[in-house]
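Open the structure in your viewer and keep the selection tool at hand. The stops below say what to select and what is there.

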Amino acid sequence: MGPQKVILLACGSFNPITNMHLRMFEIARDHLHRMGSHEIVGGVVSPVHDAYGKKDLESSTQRIAMLKIALKDHDWVRLSDWECRQESWSRTRQVLHYHQNVLNAVTSTNNNRLDASESDTSWIPENVKNSDNEPIRVKLLCGADLLESFGTPGLWADEDIADIVGQHGLVVITRASYNPNEFIYNSDMLTSYMANIMLVTEWIRNEISSTRIRRALRRSESVRYLIPDKVIDYIHRHNLYGSQKRHL
Ligand SMILES: Nc1ncnc2c1ncn2[C@@H]1O[C@H](COP(=O)(O)OP(=O)(O)OP(=O)(O)O)[C@@H](O)[C@H]1O
Ligand SMILES: NC(=O)c1ccc[n+]([C@@H]2O[C@H](COP(=O)(O)O)[C@@H](O)[C@H]2O)c1
Ligand SMILES: [Zn+2]
C-alpha cells in the first residue's frame, strides 16, 4: 500500500494570519513526507466564525481579506471560508466532516457527486478534482496548544474528540511551553488513538502568536518578517488592531 493521501486542515482565529501559521503547513508536510506514510496533496485554512466571540476577534470579513492576501500565490495551501459563511459557530468536528464529505463527493466516481452549485470547492487542489478515485483524508493540523485545549473542562465534547482523532486524525506541531507527548500520555482516550496522532517537532522554534502581533501593532511596533508584508500593509490601510498608520 502506498502513502495515504491527506489534506491538512487548520482551524483557528487567524487574527491575523502569521508566518507561523504558514510555517505549520511546511513543517507538517516535510515531516509526513519524510516518514513515507502520507502524501500531502493540499492544505486548507479555515478561519473561525465571528460568533466564536474570542476577545479582540476582528471581523471575519477582515480576517478573510488578510488570508486571501497571504495565500494569493501559495502553491498548495488554500482558504475555505465555509465556517464564516454559516449562521453560527461550528464545532471543529463539523468542520472536518463538511470538508471530508465535499472531498469524497468530488473525488468519487459514483452517484453521490455534489451538485457543483451546492458547494464551494475552491479549497480543493485542481489535480485532486476528478482524480483517480483514491481516498483522501482530511486531517486536523494544529499547534500543541490546541491539542492541550482538549483538556479544558467543558470546551470539547468527548465524542467530538474521539471522532476528530479516531475518524480524521491529528497532526500536531510542538509549541513553546506545551508538552503534547505528556498530554497524550495523561489521557486514556488520546493514548488509545495514538496511531492517529502525528507529533511533529518544530526545531526552528519561534514564538510568533497572533496575540503578540496584535500587541505590537497596538503599540505601533514593527511586525515585519513576522507576518507577510502585504498583510501588514492591509492592516495599516484599514487601521486594524489599533495600529496607527505607519510605513513598513
Ligand atoms: N508559534 C506556533 N507554534 C505552533 N503552532 C502555532 C503557533 N502559532 C499558531 N499555531 C497554531 O495555529 C493554529 C491557529 O491558531 P490561532 O489562530 O489561535 O493562532 P495564535 O497565534 O495561537 O493566535 P492567538 O494568540 O490569538 O491565540 C492553532 O492550531 C495554533 O495552535
Ligand atoms: N468543541 C469544539 O469543537 C471547539 C472548542 C474550542 C475551540 N474550537 C476550535 O479551535 C480553534 C481555536 O482557535 P483559537 O486558538 O484561536 O481560539 C477554533 O477553530 C475553534 O473553532 C473547537
Ligand atoms: Zn491560539
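This is a predicted model: local features need pLDDT of at least 70, side-chain atom pairs count only at pLDDT 80 or more; totals for chains, interfaces and linings use all residues.

Residues are numbered from 1 along each chain as its sequence is written, chains are lettered from A and ligands numbered from 1 in the order in which they are written, and side-chain values use heavy atoms, with hydrogens and water left out.

**Stop 1: ligand 1**

Select ligand 1 and the residues around it, where a residue counts if one of its heavy atoms lies within 4 Å. There are 20 of them, and Phe 14, His 21, Asp 145, Ser 210 and Thr 211 come nearest. By class, this shell has 7 nonpolar, 9 polar and 4 charged residues. Here Ala, Val, Leu, Ile, Met, Phe, Trp, Tyr, Cys and Pro count as nonpolar, Asp, Glu, Lys and Arg as charged, and the others, Gly among them, as polar.

Next, colour the helices and strands, which are DSSP runs numbered from the N terminus (helices H or I, at least four residues; strands E, at least two). At least two residues of the shell around ligand 1 come from each of β1 (4-12), α1 (19-35), β4 (136-143), α5 (144-148) and α9 (210-218).

Now show the pairs of N or O atoms within 3.5 Å. An oxygen atom of ligand 1 lies 2.9 Å from a backbone N or O atom of Phe 14. For Ser 13, a backbone N or O atom is 3.1 Å from an oxygen atom of the ligand. The side chain of Arg 175 has an N or O atom 3.0 Å from an oxygen atom of ligand 1. On its own, ligand 1 has 590 Å² of accessible area, and the protein covers 93% of this; such areas come from the Shrake-Rupley method with a 1.4 Å probe, and for residues only the protein chains shown count as cover.

**Stop 2: ligand 2**

Move to ligand 2. Among the residues around it are Cys 11, Gly 12, Val 48, Tyr 52, Lys 54 and Trp 156. The shell divides into 7 nonpolar, 3 polar and 2 charged residues.

**Stop 3: the largest pocket**

Hide both ligands and look at the space they take. On a 1 Å grid over the protein atoms alone, a pocket is an open set of points where a 1.4 Å probe fits, with protein on both sides within 12 Å along at least five of seven lines; lining residues have an atom within 4 Å of a point.

Select Gly 12, Lys 54, Asp 145, Leu 146 and Arg 175, which lie nearest the centre among the 49 lining residues. α9 gives the most to this lining, with 4 residues.

**Stop 4: two backbone details**

Select Asn 15 and Pro 16: the peptide bond between them is cis, with omega near 0 degrees. Pro 16 is in the loop between β1 and α1.

Finish at Ser 177, in the loop between β5 (170-173) and α7 (180-186). Ser 177 is not a glycine, yet has a positive phi of about 70 degrees.

Key
A polar contact is a pair of N or O atoms within 3.5 Å; within protein, one must be able to donate a hydrogen and the other to accept it, and residues adjacent in sequence count only if both atoms are side-chain atoms.
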